[in-house]
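Hi everyone, thanks for coming. Let me put the structure up, and then I'll walk you through it.

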Amino acid sequence: MADESAARDFSSLADPVAPSVTQPDIHIQETPQVQPVATPASHVAISAFERTLMVTLGIVLVSLCTMIVSSKIAVSTAQQHLQDIGQSVTALQLQNTNYKQEINELMQSNHLNDVAARDGLSLNEANIRNVK
């Protein structure tokens, strides 16, 4: 409770004291403001040079866009052609590998002996020469 009484005592000291000096009255005269009048937008005249320039730039822009699209189509076509060639090369490499494997199988001595036996041929060791 002692704290509340102290707070009340300080609150009475915190009130500002009004000065006894009177301030003079200042009157500010406001000037009437003029309301802007809306005028319809007028068209700006375009010269013949400006029209020619705009048309020329428009034609150049359209032609550049067409060239970009056509070049993208050409690149896409070339990529597809490259993929097709790559697939055919892979297929040919696989076919070559299969042929090499078949040649190796046909060149084995067992297979050669079987073919010779079917045709009635025999291996004569006396006729074999080693070449260095």
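So, how many helices and strands does the secondary structure of the chain come to? The chain has 3 helices and 0 strands, running α-α-α from the N terminus on. Helices here are DSSP runs of H or I with at least four residues, strands are E runs of at least two, and both are numbered from the N terminus.

Quick housekeeping: this is a predicted model, where local features need pLDDT of at least 70, side-chain atom pairs count only at pLDDT 80 or more, and totals for chains, interfaces and linings use all residues. Residues are numbered from 1 along each chain as its sequence is written, and side-chain values use heavy atoms, leaving out hydrogens and water.

On to confidence: pLDDT is the predictor's confidence in each residue, from 0 to 100. The chain averages 83, and 81% of the residues score at least 70.

Now, burial. Of the 132 residues, 0% count as buried, meaning under 20% relative accessible area with a 1.4 Å probe, protein chains only; exposed is over 50%, and partly exposed is in between.

Last, Leu 57: this residue sits in helix α2 (residues 48-106) and is exposed, at 53% relative accessible area.
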